[in-house]
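Subject: Structure handover

Hi,

Here is the structure for you to look over. My notes on it follow below.

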Amino acid sequence: QVHLVESGGGLVQAGGSLTLSCAASGSILDFNYMGWYRQGPGKRREWVADIATTGVRKYVDAVKGRFTISRDNAKNTVYLQMNSLLPEDTDVYYCNARNAHNRYGNGDNWGQGTQVTVSS
């Protein structure tokens with residue numbers, strides 16, 4: 001398994017921005033996809049965005065046009081730039097590394113999560 005550590009969460013007002021980082025212990029090129037997920041109290045963990053080794057990006061409809069996922073292979077780090085934040089974006093955000101095409105075929109390569117809270 002790869003060790004993943006998220007950072008960058010915090011409290012922000014609606015309309016504000018945050019950038020999350022996910023630092024990996026090894027090469028992120030070892031995985032077909034690096035992704036971000038989020039989970040609130042009493043909810044299942046939901047896929048938000050991922051980026052393939054090819055650089056192709058995909059997003060859940062709720063964040064399209066507002067969030068941008070990116071990667072720095074030299075730093076073994078993945079980012080999630082979140083703009084125009086909404087209270088509904090409040091969740092714990094998790095980083096994931098996977099090889100499966102299936103967004104929910106994640107295995108056990110998860111970070112510890114970072115809290116994002118958006119106030120209205």
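A contact here means heavy atoms within 4.5 Å. Among contacts in the chain between residues at least 6 apart in sequence, 57% join residues at least 24 apart.

Two caveats before the rest. This is a predicted model, where local features need pLDDT of at least 70 and side-chain atom pairs count only at pLDDT 80 or more, while totals for chains, interfaces and linings use all residues. Residues are numbered from 1 along each chain as its sequence is written, and side-chain values use heavy atoms, with hydrogens and water left out.

Overall fold

The chain has zero helices and 10 strands. Both are DSSP runs numbered from the N terminus: helices are H or I with at least four residues, strands are E with at least two. The C-alpha atoms fill a box of roughly 40 × 30 × 25 Å along the principal axes. The radius of gyration, taken over C-alpha atoms, is compared with a globule rule of 2.2 Å times the number of residues to the power 0.38. For 120 residues a compact globule would come near 14 Å; the chain has 13 Å, which agrees.

Burial and core

Of the 120 residues, 43% count as buried. Buried means under 20% relative accessible area, exposed over 50%, and partly exposed in between, with a 1.4 Å probe and protein chains only. A nonpolar core is a set of buried Ala, Val, Leu, Ile, Met, Phe, Trp, Tyr and Cys residues joined through side-chain atoms within 4.5 Å. The largest such core holds 27 residues; Met34, Trp36, Leu80 and Met82 touch the most other members. Elements giving two or more residues to this core are β3 (18–24), β4, β5 (46–52), β7 (67–72), β8 (77–82), β9 and β10. β3 gives the largest share, four residues.

Disulfide

A search of the whole structure finds one disulfide, meaning a pair of cysteine sulfur atoms within 2.5 Å. Cys22 is joined to Cys95, S to S 2.0 Å. The link is left-handed, with -80 degrees about the S-S bond. It ties distant parts of the chain: Cys22 is in strand β3 and Cys95 in strand β9, 73 residues apart. Both cysteines are buried.

Aromatic pairs

Rings of Phe, Tyr and Trp (its six-membered ring) pair if their centres lie within 6.5 Å; planes under 30 degrees apart count as stacked, over 60 as edge-to-face and the rest as tilted. The count comes to three aromatic pairs. One of them is Tyr37 with Trp110: edge-to-face, 4.9 Å centre to centre, 75 degrees between the planes. Tyr37 lies in strand β4 (residues 33–39) and Trp110 in the loop between β9 (91–98) and β10 (114–119), 73 residues apart. Tyr37 is buried at 1% relative accessible area. Trp110 is partly exposed at 22%.

Why is the pair of Tyr94 and Trp110 edge-to-face? Because the ring centres are 6.5 Å apart and the planes stand at 85 degrees. Tyr94 is in strand β9, 16 residues from Trp110. Tyr94 counts as buried, at 12% relative accessibility. Tyr37, Tyr94, Tyr104 and Trp110 form one aromatic cluster.

Charges over rings

A charge sits over a ring if NZ of Lys or CZ of Arg is within 6 Å of the ring centre and within 35 degrees of the ring normal. The charged end of Arg45 sits over the ring of Trp110, 4.6 Å from its centre. Arg98 has its charged end over the ring of Tyr33, 4.4 Å from the centre.

Best wishes
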